[in-house]
Amino acid sequence: MCLAVPGKVVAIDDSAEPLTGLIDFGGVQKKACLEYVSDVKVGEYVIVHVGFALQRLDEESALASLKLFEELGLLEEEFGDAWEQAAREAGGTAAAEPENSGSEAR
Amino acid sequence: MKYIDEFNDPQLARRLLDEIRATATRPWALMEVCGGQTHSIIRHGIDQLLPEQVELIHGPGCPVCVTPLEVIDKALEIAARPGVIFCSFGDMLRVPGTDRDLFRVKGEGGDVRVVYSPLDALELARRNPDREVVFFAIGFETTAPANAMAVHQARRLGLSNFSLLVSHVRVPPAVEAIMTAPECRVQGFLAAGHVCSVMGMAEYPELAERFRVPMVVTGFEPLDILEGIRRAVRQLERGEHRVENAYPRAVREEGNPAAVRMIEEVFEVTDRSWRGIGRIPASGWRLTDAFRAYDAEHRFDVSGIRTEEPAECRAGEVLQGLIKPTECAAFGTTCTPRTPLGATMVSSEGACAAYYLYRRMNALAPQAGGTAPQEVTPVA
């Protein structure tokens with residue numbers, strides 16, 4: 001959760017309140033709040049933490065970080081199914097039904 | 001050098017290590033505050049690559065780990081109530097309360113949902129007007145702007161079925177608590193980069209001056225950490241104690257003013273208890289009076305909680321940098337990610353989890369020696 005992941009702004013919804021954009025994290029795309037970097041442009045890179053862009057980042061640094069995160073499996077940790085991960089840790093018995101995984105809320 | 005080929009730029013890593021080795025003439029102890037940095041350090045064997053004179057002490061920078069048991073138990077009680085949708089980041093699912101965790105509450109029928117962002121919890125509240133939606137608002141300064149925005153939006157939208165169970169903590173008072181502890185050995189800090197992305201660096205010069213410690217703002221990729229260490233050791237050898245920014249690509253002097261403004265609108269500074277450490281004055285945030293209606297502790301009566309920490313868990317000493325996880329008798333025996341005694345064993349940023357995942361073979365069979373992290377089968 002503490003991980004802040006760099007991503008590329010691929011779309012901005014100017015009508016959303018708070019300001020919202022679509023961010024590409026090396027293939028995984030998620031919505032993020034852009035209110036704290038409100039003058040960001042499509043094509044720029046930002047650091048995103050729990051669905052909020054917190055700062056801009058240059059493309060070279062962003063791509064290097066993303067490559068490393070992917071190699072280390074951190075993107076799976078950040079964006080993967082937390083119930084599955086918890087079930088694995090607990091010894092393989094999922095306490096959760098998949099439909100309640102909260103995925104619809106992501 | 002073992003581990004180093006895993007770095008994204010092994011040549012630069014070697015150069016930084018050579019510089020650290022050439023600079024350090026005396027023993028120095030540095031604390032990395034951020035749990036993400038701790039994992040990066042253990043995962044890449046950075047502590048083992050460093051010259052003997054430079055010791056890394058792991059700090060309390062895992063928000064999941066320092067969330068007090070009392071708050072975890074309150075979360076469990078609220079989550080078990082009918083009519084409640086309890087939303088949390090995935091990291092909290094297996095953090096042990098006094099007698100269970102959120103994962104188990106879900107198994108027993110509680111409606112616990114994992115969300116990626118607090119705004120997802122807000123959306124659930126909007127779509128489920130007949131249910132109470134509670135978001136577990138933990139985290140350091142990096143997470144606070146998100147939680148502040150969620151509650152700000154709840155008010156704007158007039159959502160009366162949304163609330164936060166707040167357990168926010170702040171880094172600078174924790175640094176002060178660590179430095180004033182009689183047993184403190186820390187001589188320099190690697191300050192948490194993403195905390196500073198939000199808050200900037202204004203709070204640090206006073207701490208650096210008062211405790212005469214270098215504070216180097218550091219990212220959490222392996223090369224960032226080596227660069228942070230290099231700068232901190234250089235300052236220590238020169239007798240300096242300044243604030244330096246070794247993570248300028250993500251940290252500006254002023255931080256993110258818009259995010260800070262939102263935090264200050266919604267939260268006010270308060271004393272907070274840290275799991276395993278105790279109460280630290282002014283070390284947290286709570287909702288201001290204007291937003292008190294969105295405080296889950298006010299909305300739900302959870303005042304009768306009685307907590308009980310397992311006596312053998314030494315997570316508090318780990319979080320204060322007083323012992324390494326492997327010095328705890330329960331580590332890897334009675335305490336594992338499957339049967340955790342404390343949060344440090346299950347959080348993705350916990351020091352005990354890092355040692356268990358990446359050092360298990362070494363820790364349990366030191367005579368085998370030199371087992372590279374990639375040869376260890378992660379258990380989680």
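1. A salt bridge, as the term is used in this note, is a side-chain nitrogen of Lys or Arg within 4 Å of a carboxyl oxygen of Asp or Glu. The structure is a predicted model, and a pair that meets this rule is formed by the side chains of B:Glu108 and B:Arg100, with 3.1 Å from N to O. Both partners are partly exposed: B:Glu108 has a relative accessible area of 48%, while B:Arg100 stands at 25%.

2. Over all chains, a search of the whole structure finds 37 salt bridges. One of them lies within chain A, where A:Asp39 pairs with A:Arg56 and the closest N and O atoms are 2.9 Å apart. Because A:Asp39 sits in the loop between strand S3 (28–33) and strand S4 (45–49) of chain A, and A:Arg56 in strand S5 (residues 52–57), the pair ties together parts that are 17 residues apart in sequence. A:Asp39 itself is partly exposed, at a relative accessible area of 49%.

3. In chain B, the side chains of B:Glu309 and B:Arg275 meet in a salt bridge of 3.0 Å, N to O. This pair links distant parts of the chain, 34 residues apart, with B:Glu309 in the loop between helix H14 (296–299) and helix H15 (315–319) and B:Arg275 in the loop between strand S10 (267–274) and strand S11 (278–287).

4. Turning to the interface, the contact takes 53 residues from chain B and 52 residues from chain A. The area buried between the two chains is about 4500 Å², and carbon and sulfur atoms give 62% of that area.

5. Which charged and polar pairs cross this interface? The rule finds two salt bridges across the interface, one of which is the pair of A:Glu17 and B:Arg156, whose side chains meet at 3.4 Å, N to O. Nine residue pairs are in polar contact between chain B and chain A, with both residues at pLDDT 80 or more.

6. On the side of chain B that touches chain A, several elements each supply at least two residues, among them helix H6 (102–107), strand S4 (111–114), helix H8 (144–157) and helix H13 (257–266). The residues of this side divide into 26 nonpolar, 14 polar and 13 charged.

Definitions and conventions. Residues numbered from 1 in each chain as written. Chains lettered and ligands numbered in written order. Predicted model: local features only at pLDDT ≥ 70, side-chain atom pairs only at ≥ 80, totals over all residues. Heavy atoms only, no water. Contact = heavy atoms within 4.5 Å. Buried area = accessible area lost by both parts, 1.4 Å probe. Polar contact = N/O pair within 3.5 Å; in protein donor to acceptor, adjacent residues only side chain to side chain. Helix = DSSP H or I, 4+ residues; strand = E, 2+ residues; numbered from the N terminus. Nonpolar A, V, L, I, M, F, W, Y, C, P; charged D, E, K, R; others polar. Buried < 20%, exposed > 50% of the residue type's maximum accessible area, 1.4 Å probe, protein only.
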